[in-house]
Amino acid sequence: MPIDPQNTLAAVRAGLAQLSTLIVSYSFSAIGAVILLVVGYIIAGLAERSIFTGLGHIHGFDQTLRHFFSKIVRYAILILVTIMVLGQFGVQTASIIAAIGAIGLAIGLALQGTLQNIAAGIMLLALRPFRIGESVEVGSIAGTIEEIGLFATKLRTAEGVYILAPNSTLWNQPVRNFTRNGVRRSDITLSIGSWNDIDRAQKTLLAIAAADRRVKRDPAPIAFVATLGDSTVSIALRYWTSSADFFATQTDLTKRAKQQFDSEGISIPRPPPEAPAPEARRQ
């Protein structure tokens, strides 16, 4: 069958016209997408900085949370802009949103423990049951806080051991903060022979406490009889001091109390001698 040149030429012209229409249409879409990406990127950066600066005006708001929330806003805007750009090219955004939701749900189920740590980290940073440098005890974990992150918290024990504790573990248990209140109470107990002057021993302990600047005057230190034994009396000194001086004051006062008792003749009973073994008695 012979080919009609006129029909062929008309078909070529129609195809070129359709192609030019598509090129023009997609060119405008591409230009709009580029403009949308640039504007969205700028807006995301401005929003991130605004959120970070605005949260900084809130007294005591942690810097880690400021970074976290500002980044969330930034990435949320960028995702929204990306979906809008895809819509410029005729992509069904409803299916994309549904797919993103399904992916987010799957990731959430897979990272359930990690998300719990993030949620606990946000609560720890917001409510501040402990801060960096404070000494705490949470369940079986005890030490000084070195860093509070979104996933875990770093501690250093009194022995210098490094601990990385998941935030969910620290959030789900009662926290004993030894530093937060600023002052702590301490008791020093010494056993003396029942034949000693109890009043004199109490006055000696109170004099030792009064001579130490680290011991608080309010509440005033007190000395009292803690327990009574067959041949011993336990005398206790109760006082308050700053959290930073707690251990040093306790050890110093204990040493001074023993030395002062020795100098004043207040004797500390010695344990009875051990009975000889049966073999030694037979010899």
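Okay, α6 to begin with: 13 residues, and from its first C-alpha to its last it reaches 19 Å, close to the 18 Å expected at 1.5 Å a residue. That expected span is 1.5 Å times one less than the number of residues. Helices here are DSSP runs of H or I with at least four residues, strands are E runs of at least two, and both are numbered from the N terminus.

Quick housekeeping before I go on. This is a predicted model, where local features need pLDDT of at least 70 and side-chain atom pairs count only at pLDDT 80 or more, while totals for chains, interfaces and linings use all residues. Residues are numbered from 1 along each chain as its sequence is written, and side-chain values use heavy atoms, with hydrogens and water left out.

Back to α6. Which of its residues are buried? Ala201, Gln202, Thr204, Leu205, Ile208 and Ala209. They cover an arc of only 160° around the axis, which puts them on the same side of α6. By buried I mean under 20% relative accessible area; exposed is over 50%, and partly exposed is in between, with a 1.4 Å probe and protein chains only. The arc is taken from the directions from the helix axis to the C-beta atoms. And what do those buried residues pack against? β6, β7, β8 and α7.

Contact here means heavy atoms within 4.5 Å.

Now the pairing in detail. Strands count as paired if DSSP finds at least two bridges between them. How many bridges join β6 to β8? There are 11, and the two strands run antiparallel. Leucine 190 has isoleucine 235 in β8 as its bridge partner. On the other pair, β7 and β8 (residues 232–242) are antiparallel over 6 bridges, and they form a hairpin with 3 residues between them. Valine 225 stands opposite that isoleucine 235 in β8, and alanine 223 stands opposite leucine 237. As for β8 itself, 8 of its 11 residues are buried, so it is largely enclosed by the rest of the structure.

Next, α7. Its 18 residues should span 26 Å at 1.5 Å a residue, and the end C-alpha atoms are 26 Å apart, which agrees. Its buried residues are Phe246, Thr249, Leu253, Ala257 and Phe261. Just after α7 you'll find glycine 265 with a positive phi of about 75°.

A couple of arginines for you, both in helix α2: arginine 74 and arginine 66. Buried or exposed, arginine 74? Buried, with a relative accessible area of 14%. Leaving aside neighbours within four places in sequence, arginine 74 is in contact with Tyr41, Ala44, Gly45 and Glu48. Arginine 66 is buried as well, at 16% relative accessible area. The C-alpha atoms of arginine 66 and arginine 49 are separated by 9.9 Å, and the two residues sit 17 apart along the chain.

Last bit, the whole protein. It has 8 helices and 8 strands, and buried residues make up 27% of its 283 residues. Take contacts between residues at least 6 apart in sequence: 62% of those join residues at least 24 apart. The accessible surface of the protein comes to about 18400 Å², with 62% of that belonging to carbon and sulfur atoms. Those areas come from the Shrake-Rupley method with a 1.4 Å probe, and for residues only the protein chains shown count as cover.
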